[in-house]
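User: I have a model open and want a quick walk through its contacts. Can you take me through it?

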Amino acid sequence: MNIKEGIEKRFSVRAFTNKVPKMEIIKEILRTANAAPSGGNIQPWKVYVLNEDAKNNLAKKTLHNFDNGVQEEIEYDIYPKPLDDIYKKRRSECGADMYNALSIGKDDLDSRFKQIRENYNFFGAPIGMIITIDRSFGNNGWGHVGMFLENLWLSAIHHGLGLCLQESWSIYPKTVKEHINHPDNEIVWCGVAIGYEDVNHPINQYRTKRENLESFVKFID
Ligand SMILES: Cc1cc2nc3c(=O)[nH]c(=O)nc-3n(C[C@H](O)[C@H](O)[C@H](O)COP(=O)(O)O)c2cc1C
């Protein structure tokens, strides 16, 4: 697969088979991701890899929180407040496409809730990751970690794996810290559910849309 094909093939995988990737493959994926560029080559990313047991322990506690309405003090807003209408529209279209793929109706709040809950089970992936960054970095540093994450994704595809990034883990920073024991100077950005794609699961069948070039590029003469 060439680079263009990898980029175009990439999508968020939210259902996995039971096959557990060998830790050597996970390490290889991380080594490749680590080739990502960063300003001044500062490499500000930190990755915590949770094997099946560690992942299950974190999932169990977090699902308990979720089911019991436990709220933790969040450390960043996932979306700006307020979110402009143009972005709201894209977000709701993306959600609608996912629920359509699962044949979950607009008013079926129970099923929608169950699907959101799956975030905290790493969507059933055999391996989980938590991505943190040193708190001292502002927006610019977070962007550099983004370079790493796209590399991680493409490298996973190269090795026949799929993944979903999960900012949903930022809702439970205290619980995450209890399980990965990251230093106080790090902030949890997101999680990663990674494993072999369940190619037959309906949630993996739809693809999100993109805006056309004119909507985000201005060619200046
Ligand atoms: C930083 C980041 C965090 C994300 N967090 C979540 C998440 O918590 N839960 C989820 O289901 N998808 C999450 N996603 C996946 C996006 O919803 C997805 O990338 C977007 O809808 C485009 O779809 P695609 O990845 O299939 O192309 C996240 C994506 C990114 C880049």
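**Contacts, cores and charges**

Analyst: Thr132 touches Pro44, Trp45, Lys46, Tyr48, Ile180, His182, Glu186, Ile187, Val188 and Trp189, leaving aside residues up to four places away in sequence. Contact means heavy atoms within 4.5 Å. This is a predicted model: local features need pLDDT of at least 70, side-chain atom pairs count only at pLDDT 80 or more, and totals for chains, interfaces and linings use all residues. Residues are numbered from 1 along each chain as its sequence is written, and side-chain values use heavy atoms, with hydrogens and water left out.

User: Is Thr132 buried or exposed?

Analyst: Buried, with a relative accessible area of 0%. Buried means under 20%, exposed over 50%, partly exposed in between (1.4 Å probe, protein chains only).

User: Which side chain does the Thr132 side chain make a polar contact with?

Analyst: That of Glu186, at 2.7 Å. A polar contact is a pair of N or O atoms within 3.5 Å; within protein, one must be able to donate a hydrogen and the other to accept it, and residues adjacent in sequence count only if both atoms are side-chain atoms.

User: Switching topic. Which residues touch the most other members in the largest nonpolar core?

Analyst: Leu149, Leu152 and Ile194, out of 27 residues. A nonpolar core is a set of buried Ala, Val, Leu, Ile, Met, Phe, Trp, Tyr and Cys residues joined through side-chain atoms within 4.5 Å.

User: Which elements give two or more residues to this core?

Analyst: α2 (23–33), β2, α6 (139–158) and β4 (186–195). The largest share, eight residues, comes from α6. Helices (H or I, at least four residues) and strands (E, at least two) are DSSP runs, numbered from the N terminus. Another core, of 20 residues, lies apart from it; Val188 is among them.

User: Now charges. How many salt bridges are there in the whole structure?

Analyst: A search finds 14. A salt bridge is a side-chain nitrogen of Lys or Arg within 4 Å of a carboxyl oxygen of Asp or Glu. In one of them, the side chains of Glu28 and Arg31 meet at 2.9 Å, N to O.

User: How many residues apart are Glu28 and Arg31?

Analyst: Three, in helix α2, so about one helical turn separates them. Glu28 is partly exposed at 32%, and Arg31 is partly exposed at 47%. Glu24 joins Glu28 and Arg31 in a network of salt bridges.

User: Last one. Which ligand atom is 2.8 Å from a polar backbone atom of Glu167?

Analyst: A nitrogen atom. Also, a polar side-chain atom of Arg14 lies 2.8 Å from an oxygen atom of the ligand.
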